[in-house]
Amino acid sequence: RWGRVHWVAVQPAWQRQGIGRKLLVSVCHRLRDLGHESVFLTTSPIRHEALYLYLSVGFLPRIVQPSDWEIWQAVASKLGDTKLKAWLRTSGQ
């Protein structure tokens with residue numbers, strides 16, 4: 001049921017040109033075409049540029065424990081992501 005995106009990367013010389021976004025969206029569409037109902041990926045909260053991309057495409061964090069909540073609140077503040085901040089407020093912690 002779940003498809004996994006693993007290691008999205010673009011050579012530094014080609015970054016900030018929309019290639020990562022196009023690649024990620026294409027992979028998500030391919031996973032859907034293969035029958036997956038949902039998609040997940042893992043990353044680190046210090047990879048701010050990657051997090052910005054993933055959040056902008058529609059990925060949301062998985063909150064498992066209270067420390068996850070604190071980390072994602074810090075990420076939302078660091079990125080200035082109002083949608084993530086709102087999602088964290090309404091997702092109930």
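**Entry 1: K83**

I began with K83 and found it in helix α4, which covers residues 82-90. The model I am reading is a predicted one. I then took the distance from K83 to A13, and their C-alpha atoms are separated by 30 Å. Along the chain these two residues are 70 residues apart.

**Entry 2: the chain overall**

I listed the secondary structure next and got four helices and two strands. Along the sequence the order is β-α-β-α-α-α. I boxed the C-alpha atoms along the principal axes, and they fill roughly 35 × 35 × 20 Å. The chain has 93 residues, and buried ones make up 27% of them. For the accessible surface I noted about 6,900 Å², with 54% of it belonging to carbon and sulfur atoms. I also looked at contacts with a separation of 6 or more: residues 24 or more positions apart account for 56% of these.

**Entry 3: helix α1**

I turned to α1, which has 15 residues. From its first C-alpha to its last, α1 reaches 21 Å, close to the 21 Å expected at 1.5 Å a residue. Which residues of α1 are buried? I noted G20, L24, C28 and L31. Viewed down the helix axis, the buried residues of α1 fall within an arc of 70°, so they line one face. An α-helix has 3.6 residues a turn, so residues three or four places apart point the same way.

I checked what the buried residues of α1 pack against, and the partners are β1, β2 and α2. On the other side of α1 I found K22 and D33 exposed. Just after the helix, G35 takes a positive phi of about 105°.

**Entry 4: nonpolar cores**

I looked up the largest nonpolar core and counted ten residues in it. They are V5, V8, L24, C28, L31, L41, A50, L53, Y54 and F59. Helices α1 and α2 each supply at least two residues of this core. L24, C28 and L31 are in this core, and I had already listed these three as buried in α1.

As background I noted that, in soluble globular proteins, nonpolar side chains tend to be buried together.

**Entry 5: S38**

I placed S38 in strand β2. Is S38 buried or exposed? S38 counts as buried, because its relative accessibility is 17% and the cut-off is under 20%. I then listed its contacts, again without residues up to four places away in sequence, and S38 touches R1, W2 and G3.

**Entry 6: salt bridges**

How many salt bridges does a search of the whole structure find? I got three.

One joins the side chains of R1 and E37, at 3.7 Å from N to O. This pair links distant parts of the chain: R1 is in the segment before β1 (2-4), and E37 is in the loop between α1 (19-33) and β2 (38-40), 36 residues apart. I checked exposure on both sides. R1 is exposed at a relative accessible area of 60%, and E37 is exposed at 61%.

Another joins the side chains of R16 and E49, at 2.7 Å from N to O. Here too distant parts of the chain are linked, with R16 in the loop between β1 and α1 and E49 in helix α2 (residues 48-57), 33 residues apart. I noted R16 as exposed, with a relative accessible area of 72%. E49 is exposed as well, at 51%.

I also found R32 in a salt bridge with D33, the closest N and O atoms being 3.7 Å apart. R32 is exposed at 52%, and D33 is exposed at 54%. D33 is also one of the exposed residues that I had noted on the other side of α1.

Notes:
Residues are numbered from 1 along each chain as its sequence is written. This is a predicted model: local features need pLDDT of at least 70, side-chain atom pairs count only at pLDDT 80 or more; totals for chains, interfaces and linings use all residues. Side-chain values use heavy atoms; hydrogens and water are left out. A salt bridge is a side-chain nitrogen of Lys or Arg within 4 Å of a carboxyl oxygen of Asp or Glu. Buried means under 20% relative accessible area, exposed over 50%, partly exposed in between (1.4 Å probe, protein chains only). The expected span of a helix is 1.5 Å times one less than its number of residues. The arc is that of the directions from the helix axis to the C-beta atoms. Contact means heavy atoms within 4.5 Å. Accessible areas come from the Shrake-Rupley method with a 1.4 Å probe; for residues, only the protein chains shown count as cover. A nonpolar core is a set of buried Ala, Val, Leu, Ile, Met, Phe, Trp, Tyr and Cys residues joined through side-chain atoms within 4.5 Å.
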